[in-house]
Amino acid sequence: MTIFEIVSAALTSLLAAAAWTDYRSRRIPNALTVTGLAVALLLRAVVGPDAILDGLVGALLAFVLTLPLIVLGVMGGGDAKLLIAIGAFMGPRHFLWAAVLIAIIGGMMAVVDAGRRGVLLPVLYNCGQIMKHWAT
């Protein structure tokens, strides 16, 4: 088994566990996200110091991108910490692409969920308000 396969299995396990706990309790526990971050950096340590630095930069990029979303109340802390762990696994270049994909898929899932619960119009209105807030 190559290091790439091990990293892929670890990241997939982290995401599956986070999705399951989020689905069941609407929370992503700190133990899960902090462990994910530690595992990402430990696996990068096997490759070398440049890989560790790449993972730290990926985690920092995730932190910088998610901090405004937490402050605005758009994203929860568990989601942000999970993205930081993902950033550590992927590094900055791959994380940017993943973040765009996560945002698109997450947005589509949110629209479907809001429609299913009958609150689509208020959700769309709130999204418009958030966009106005960002623009100003």
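This is a predicted model: local features need pLDDT of at least 70, side-chain atom pairs count only at pLDDT 80 or more; totals for chains, interfaces and linings use all residues.
Visitor: OK, how many residues does H2 have, and what does it span?

Guide: Helix H2 has 18 residues, and from its first C-alpha to its last it reaches 26 Å, which is close to the 26 Å expected at 1.5 Å a residue.

Visitor: Which residues are buried in H2?

Guide: The buried residues of H2 are Thr33, Gly36, Ala40, Leu43 and Arg44. Seen down the axis of H2, its buried residues fall within an arc of 100°, so they line one face of the helix.

Visitor: And what do those buried residues pack against?

Guide: They pack against helix H1 (3-25), helix H3 (49-71) and helix H4 (77-117).

Visitor: Which exposed residues sit on the face turned away from the buried side?

Guide: That face of H2 carries Ala31, Val34, Leu42 and Val46, which are exposed.

Visitor: Let's go to Thr33; why does it count as buried?

Guide: Thr33 has a relative accessibility of 3%, and because buried means under 20%, Thr33 counts as buried.

Visitor: What does Thr33 touch, then?

Guide: If we leave aside the neighbours within four places in sequence, Thr33 is in contact with Ile28, Gly78, Lys81, Leu82 and Ala85.

Visitor: Changing topic, what happens just after H2?

Guide: Just after H2 comes Gly48, which takes a positive phi of about 145°.

Technical notes:
Residues are numbered from 1 along each chain as its sequence is written. Side-chain values use heavy atoms; hydrogens and water are left out. Buried means under 20% relative accessible area, exposed over 50%, partly exposed in between (1.4 Å probe, protein chains only). Contact means heavy atoms within 4.5 Å. Helices (H or I, at least four residues) and strands (E, at least two) are DSSP runs, numbered from the N terminus. The expected span of a helix is 1.5 Å times one less than its number of residues. The arc is that of the directions from the helix axis to the C-beta atoms.
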